[in-house]
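I opened my notebook to go through this fold piece by piece. Here is what I looked up, in the order I looked.

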Amino acid sequence: MSIEREVAAVLGHVSRDRLLGAVAGVVDIASPTGGEGVLARWLVDRMGTAGLRAVEQRIDGRQSNAVGVLAGGKGPSVLLYAPIDTFTTGDSAYDVPGAAALLTPDMLPRATVHGDLVEGLGAGNPKGHAACVLVAVEALAAAGVELAGDVVAGFGAGGMPAFAHDDRAGRSNTGHGVGATFLVERGFTTDHAVIAKPGWQVSHEEVGLVWLDVVVPGIHTYVGSRHRLPYRNAVALAGEVAIRLERWFEEYAERHETGTLRPQGIVSSVRGGLDHLAAATPAEVRLRLDVRLTPEQTPATVTRAVRTFLDGVGRELDTSLTVTQVAAVPASRTAPGADVVRATIAAWEAVAGETHRPATGNSGATDANILRLRGLPTARVGMPKVAVGPDGRPPDFTRGMNLVDLREARRLVEVLVRTVLLLQRSAPGGGAGAPDGPARAPAARQ
């Protein structure tokens, strides 16, 4: 059977109702980082019903991955992967006021349908993408396509760049790709991987990150003694340091831009002072930074660069600033000529009807870094963010995370299906596809 006929056979099992059911199903189950277990079990049940060998990978009592295997022959295997934890929690105790003054309906784990748009916590990122992976493997199973190698659907916990937000897990390493790491080291390393994350494009490289704490010292004293005793307010000084860092990050991004990447940095939080004692200045204030890096950099070199910059700031401000690394994920790159990248681009072009041109200036990090660092050649592809919300206005960052367009989901499912079939048919013994197939992408290996 030609690839086009196989694609048509598979997509015959992808209906709007199936997509809507998958999106609503994953959105309606809360899955903050560290608490993905219930959703993982729902995914396992659904994949098992579809005929896949489905397993729950328990990380602890609250956090699990879900994995489904569609068995093929002895040829190369491919992982279709999506994380399942959300950027915010859906709980006002954690999201207010840091993420919003009040929880809006889109920030709750409850799917609401507006025509082709579905709104709810994580509907766009990452859950809409997880739904596409789910529907793609269900359709492949239903179509009974002969596979040269296994197709693995991986739904990873802990994909967000986050520390544990509460103490229920009893551990602090619930984010930063902990689920992806567990998935591939415990039985599901494949020959290729495709991660579904936002962006209507194919990416072969991604920034990494380093989180740094900057301690700004001051003098603890009393407001009534300000004019009588030595005075150095760490709050005011931290503000000056934060402003200088924000300016420096702009120059940093420009200096390290390479390929499709432009690594950004931010001062993300400030902690210090005694809320119950407004009459006193604090002995120190802590700034937390997220600094992105390219494959040409390492977390250690970026840490040194920040320390060098702040040494100079400290001399100018007559203070000593301490920089401590608190988290790091290296950047990664799959060769542009790798089979999985070529196949994904060919699939994207067949669906989009145009030549693929990579987006530049990227600074988003995903579990693609974890997969590549574990030896899996990985391509990233996803849906565009919804441009106009149900109210007719462009969504802001948070609402953009919480909106998905079912029409775009249908296109992403087709890209995933085509990528799988192209990789399968290019494998030894997998058949070359008939002449009416799309571009036979993989001709070179990483």
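**Entry 1**

I started with β3 and β7, which pair in the parallel sense over four bridges. I kept in mind that I am reading a predicted model. For a residue pair in this pairing, I noted that Y81 stands opposite I195 in β7.

Then I turned to the other partner I had on my list. β3 pairs with β6 in the parallel sense too, over six bridges. Here L80 has A153 in β6 as its bridge partner. A reminder to myself: strands of a sheet pair through backbone hydrogen bonds, either parallel or antiparallel.

Is β3 buried or exposed? I found that six of its six residues are buried, so β3 is largely enclosed by the rest of the structure. I checked each face as well: V78, L80 and A82 lie on one side, L79, Y81 and P83 on the other, and all are buried.

**Entry 1: the whole sheet**

Next I wanted the strand order. Seven strands form an open sheet, and I wrote the order down as β1-β2-β6-β3-β7-β15-β8. The pairing is mixed.

Which strands stand at the edges? They are β1 (53–58) and β8 (202–203), and each has a single partner strand, so one side of each is left without a neighbour in the sheet.

I also looked up an antiparallel pair. Strand β2 (residues 64–70) and strand β6 (residues 151–156) run antiparallel and are joined by five bridges. In this pair, G68 stands opposite A153 in β6.

I then found helix α9 (residues 339–352), which lies across β7 (192–196), β8 and β15 (378–381). Helix α9 runs at about 25 degrees to β15.

I moved on to helix α5 and asked how many of its residues are buried. The count is 18 of its 21 residues, and α5 is mostly covered. Just after α5, I spotted G144 with a positive phi of about 65 degrees.

The axes of α3 (residues 37–49) and α5 (residues 123–143) come within 11 Å and cross at roughly 20 degrees. Angles under 35 degrees count as roughly parallel, and α3 and α5 are therefore roughly parallel to each other. Their crossing is right-handed. On the α3 side I listed L39, W42, L43, R46 and M47 as making the contact, and on the α5 side K127, L134 and E138. By class, the contact of α3 with α5 has five nonpolar, no polar and three charged residues.

Another neighbour is helix α12 (residues 406–426), which packs against α5 at an angle of about 50 degrees, with the axes 9 Å apart. I noted that α5 and α12 are therefore oblique to each other. This crossing is right-handed too. From α5, the residues H129, C132, V133, V135, A136 and L140 meet A409, L412, V413, L416, V417, V420 and L421 in α12. Sorted by class, this contact has 12 nonpolar, one polar and no charged residues.

**Entry 2: helix α12 meets helix α1**

I followed α12 to helix α1 (residues 3–11). The axes of α1 and α12 come within 10 Å and cross at roughly 135 degrees. That angle makes α1 oblique to α12. I recorded the crossing of α1 and α12 as right-handed.

Which residues make the contact? In α1 they are I3, E4, E6, V7, V10 and L11, and in α12 they are R410, V413, E414, V417, R418, L421, L422 and R425. I sorted the residues of this contact of α1 with α12 into eight nonpolar, no polar and six charged. V413, V417 and L421 were also in my list for the contact with α5.

**Entry 3: one last residue**

I finished with T308, which has its place in helix α8 (residues 299–317). Is T308 buried or exposed? At 56% relative accessibility, T308 counts as exposed.

Methods
Residues numbered from 1 in each chain as written. Predicted model: local features only at pLDDT ≥ 70, side-chain atom pairs only at ≥ 80, totals over all residues. Heavy atoms only, no water. Axes fitted to C-alpha atoms, helices over the stretch in contact; angles between N-to-C directions. Helix = DSSP H or I, 4+ residues; strand = E, 2+ residues; numbered from the N terminus. Parallel < 35°, antiparallel > 145°, perpendicular 65-115°, else oblique. Left-handed = near helix turned anticlockwise from the far one by under 90°. Contact = heavy atoms within 4.5 Å. Nonpolar A, V, L, I, M, F, W, Y, C, P; charged D, E, K, R; others polar. Pairing = 2+ DSSP bridges. Buried < 20%, exposed > 50% of the residue type's maximum accessible area, 1.4 Å probe, protein only.
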